[in-house]
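This report covers a strand and its pairing, then a helix.

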Amino acid sequence: MGEKVVAGTIGLSDRRRYREKHQQCLEGLARLLAEERFDRPKNLMGLEIELNLAGPDGMPRMMNAQVLERIASRDFQTELAMFNLEVNIAPHRLEGRVFDRLAEELRTSLAYAHRKANEVDAGIVMIGILPTLARDDLVSANLSDADRYTLLNDQIVAARGEDFTLDIEGVERLRCTSASIAPEAACTSVQLHLQVTPDRFADVWNAAQTAAAAQIVVGANSPFLFGRELWRESRPPLFQQSTDTRPPELQAQGVRPRTWFGERWISSAYDLFEENLRFFPPLLPLRDEEDPLRVLDEGGIPKLAELVLHNGTVYRWNRPVYGIDDGVPHLRVENRVLPAGPTVVDVVANTVFYYGLVRALAAEARPVWTRLPFEAAAANFDQACRYGIDAQLEWPRHGRYGGVTRVPGVQLVRDELLPLAAAGLDAWGIEPADRDFYLGVIEERCKRGVNGASWQSRTFHKALESNMGRDEALAATTKRYSELMHLGEPVHTWPVGLPEPAVPLG
């Protein structure tokens, strides 16, 4: 959805024609795959982080246009709502000290953006869901001023035909309705890209699906929404419900949601793009003039514009991406599982864990997904989102009898997945010092039972115990989080609770 689209009238025949054009794109993709036209492996990774704008009081600031004007960098862009920004880091080759360089780039970019935001009494907060957001903040009037957001909102609302219902039961329960997709903007994430060759794509995607629950166990950072304490990672249920084009009757019939984990292991990237066409009606049936099959016949590389646009409106937690760079097509796996934050060190540690683990899982002689039912992987993701650092996960049992067993997520990460991630990083050629430092951050979270979500929850409850009201406690927790985030020490070292007020001398 990063492409520019122009809002306008969509007629009754547009979707049928778009579907036909999309089918041509799918045929073009099949030909590209069969003819082996894709880029050779380059071991390239990419990173995007969605950010929140908040004031010194911890409350959201609806002023991304003003902040972006001051930042004046193409690395920063608008996101769905006026309190959102996104920073994009240029692709890096997975080797050597890449993760230390990545951390330094992020620190520099975020510090610069924070200084510029301070000029208009705002600041950058890197967190999954800003705890101080209120229902009145997430309305269509606060969507960013861009045609693509307006058009997407209008089309999803029209497809649903009624208000969206948010109903999330966690520590507490939230039930409310929304007339727009604006609540989706509460979800701010880290998106990790990995360029892969077609013959490796299925293994990497399956590995990423397998790893998703573990990513959330150690990385959950979104326990609050609209003043309620919900799941430890509340983004997935919120994202699904706030973009759900299905009224209750279609949900009861088993129609698939546009935000979903998936339903099967795959054998090719083609499987996912074909599912997009087969399962999901187009939301933005905007046709490109290109004839993809003619371009192929003439020896060129088609943009596959309809396939790409439609793919951007199906919100998989691990999404396939088709792109062209210097006239050569490539495929990427886009991992959308992680929330933003808490600190640059934490974000890079999550990144290191993901790239190492996916590399190792995808290369196993007997891959995990041949021994773990897809339904178990999906259930693991749900459990990790609900319970975070305390989640129990299903995992293939060792030994000759096979089957799956239930194990604490932190135990699985510490005993089995961290050694795998270390081996994967070695295979990438990552410097051992970087490998050990960043995986050490993940190990310490497991040992101490701490991630961003648990810190937020414990600090909030300590604030309540000091006789603060709920809103005041959420604001104080957000302010303290922001202070510690900018200091930059990883979240497992953060003291729980609010600092004692200074006692005046004399």
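How many of the seven residues of strand E7 (residues 190-196) are buried? Seven of the seven are buried, so strand E7 is largely enclosed by the rest of the structure. Buried means under 20% relative accessible area, with a 1.4 Å probe and protein chains only; strands (E, at least two residues) and helices (H or I, at least four) are DSSP runs numbered from the N terminus. The model is predicted: local features need pLDDT of at least 70, side-chain atom pairs count only at pLDDT 80 or more, and totals for chains, interfaces and linings use all residues. Residues are numbered from 1 along each chain as its sequence is written, and side-chain values use heavy atoms, with hydrogens and water left out.

Val-190, Leu-192, Leu-194 and Val-196 point one way from E7, while Gln-191, His-193 and Gln-195 point the other way. In a regular strand the side chains alternate between the two faces of the sheet.

E7 pairs with two strands, as tabulated; pairing requires that DSSP finds at least two bridges between the strands.

In helix H2 (residues 64-71), the buried residues are Asn-64, Val-67, Leu-68 and Ile-71. They lie on the same side of H2 because they cover an arc of only 100 degrees around the axis, taken from the directions from the helix axis to the C-beta atoms. Their cover includes strand E1 (44-54) and helix H3 (98-118), where contact means heavy atoms within 4.5 Å. Ala-72 follows H2 and has a positive phi, near 50 degrees.

How values were computed:
Buried < 20%, exposed > 50% of the residue type's maximum accessible area, 1.4 Å probe, protein only.
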